[in-house]
Amino acid sequence: MNEAMSQLVVPHTLTEQTCFHVREALAGRPRGARAMVSFAGPAVVTSIAYMDPGNFATNLQAGAGYGYTLLWVVAVANIVAMLFQSLSAKLGLVTGRNLAELCRESLPSRYVYAMWGMSEIAAMATDLAEFVGGAIGVSLLLHLPMMASMLVTGAVTYGLLQFERKGFRPLELVIAALVGVIGLSYLAELLIAPVHPDIASIETAWHTPTPLLGSAAAGLFLAALIASGISSSVVGTMAGQMIMQGFVGFRIPVWLRRLVTMVPAFVVVAWGVDATSALVLSLVVLSIALPAPMIALVWFTSRSALMGRYRNSRLTTVTAVAGTVAVLTLNLFLLLQITGGCH
């Protein structure tokens, strides 16, 4: 009888149904793999961070120069990233607030505004990589000038953001479909193409599968790139909204957020900066801004007063601190290298 009654109160919209099933899962009804399905949406959205166009560019350059010898770096970086994503998820589940909101409540105003500024710069740098990467794919596929392809990419991204008005679940499904396109394209490329030698840019890399499978194979690469750029840009815009709301407590219209984050990309292209180089440099900016939220996340999740019995174990804290120190050290080395202080 109770199960029958629960079925009668299931809401009709996708988002409401998802919230209902999440509550049921948290209450222990149902268990196992079925209970995890309701939580798949955020996981799919988070996965975009591992396949955005900036990764296309850096992976191409690293692969062209070193082949498979740097795969251990990718593996270690992903493990560290997953650790901090799990800490972020735990912080949200235990406190009901995100990192930006906790910073606003716990830290002095000058630190909050400084972190907000760094986070906004990081969001713009991330969006530059995502937006320019998607525009490169559109430009190569449709043979359009970069400026025209950027306008097309911006319009498509804004259109997809409108799905958020119907709730978070429809937008998650759209992003999941784009992730599926990326995954299938990656698989096809992995099976048919050897390592991308002396090819370190997106504009040339998409030609490499053509001798094997013709123009359709090259289209797979561009399909993955476009799907990656658009989905990443959508997620980046949503993340920017959460950053602003968390740190300073207000939101701006999505069209204005989309416009503001697109401006640096248009400026970079208008100046004639090489698109692939711009993608790599944007990730450099992102990496420099990354340690601050990493430090804050380790600090918050290690506090008994905030996390209670869910605070980090000693092993987790030591591992997270080691990851943060490693990122800080590599960033220092990178800055010294850029400024000429290290050769």
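A: In this predicted model, Leu99, Leu102, Cys103 and Ser106 of helix H7 meet Pro293, Ala296, Leu297 and Phe300 of helix H16. Sorted by type, the residues of this contact comprise seven nonpolar, one polar and no charged. H7 spans residues 99-106, and H16 spans residues 291-301. Because angles of 65 to 115 degrees count as roughly perpendicular, H7 is roughly perpendicular to H16.

Burial within H7 can be read next. Its buried residues are Leu99, Ala100, Leu102 and Cys103. Around the helix axis these four cover an arc of only 165 degrees, so they sit on the same side of H7. In general, an α-helix has 3.6 residues a turn, so residues three or four places apart point the same way. Leu99, Leu102 and Cys103 are among the buried residues of H7, and Leu99, Leu102 and Cys103 are also among the residues that meet H16.

The N-terminal end of H7 is capped by Asn98. There, a side-chain oxygen of Asn98 lies 3.2 Å from the backbone nitrogen of Ala100. Ala100 is itself one of the buried residues of the helix.

How values were computed. Residues are numbered from 1 along each chain as its sequence is written. This is a predicted model: local features need pLDDT of at least 70, side-chain atom pairs count only at pLDDT 80 or more; totals for chains, interfaces and linings use all residues. Side-chain values use heavy atoms; hydrogens and water are left out. Buried means under 20% relative accessible area, exposed over 50%, partly exposed in between (1.4 Å probe, protein chains only). Helices (H or I, at least four residues) and strands (E, at least two) are DSSP runs, numbered from the N terminus. The arc is that of the directions from the helix axis to the C-beta atoms. A polar contact is a pair of N or O atoms within 3.5 Å; within protein, one must be able to donate a hydrogen and the other to accept it, and residues adjacent in sequence count only if both atoms are side-chain atoms. Axes are lines fitted to C-alpha atoms, for helices over the stretch in contact, and angles run from 0 to 180 degrees between N-to-C directions. Angles under 35 degrees count as roughly parallel, over 145 as roughly antiparallel, 65 to 115 as roughly perpendicular and the rest as oblique. Contact means heavy atoms within 4.5 Å. Ala, Val, Leu, Ile, Met, Phe, Trp, Tyr, Cys and Pro count as nonpolar, Asp, Glu, Lys and Arg as charged, and the others, Gly among them, as polar.
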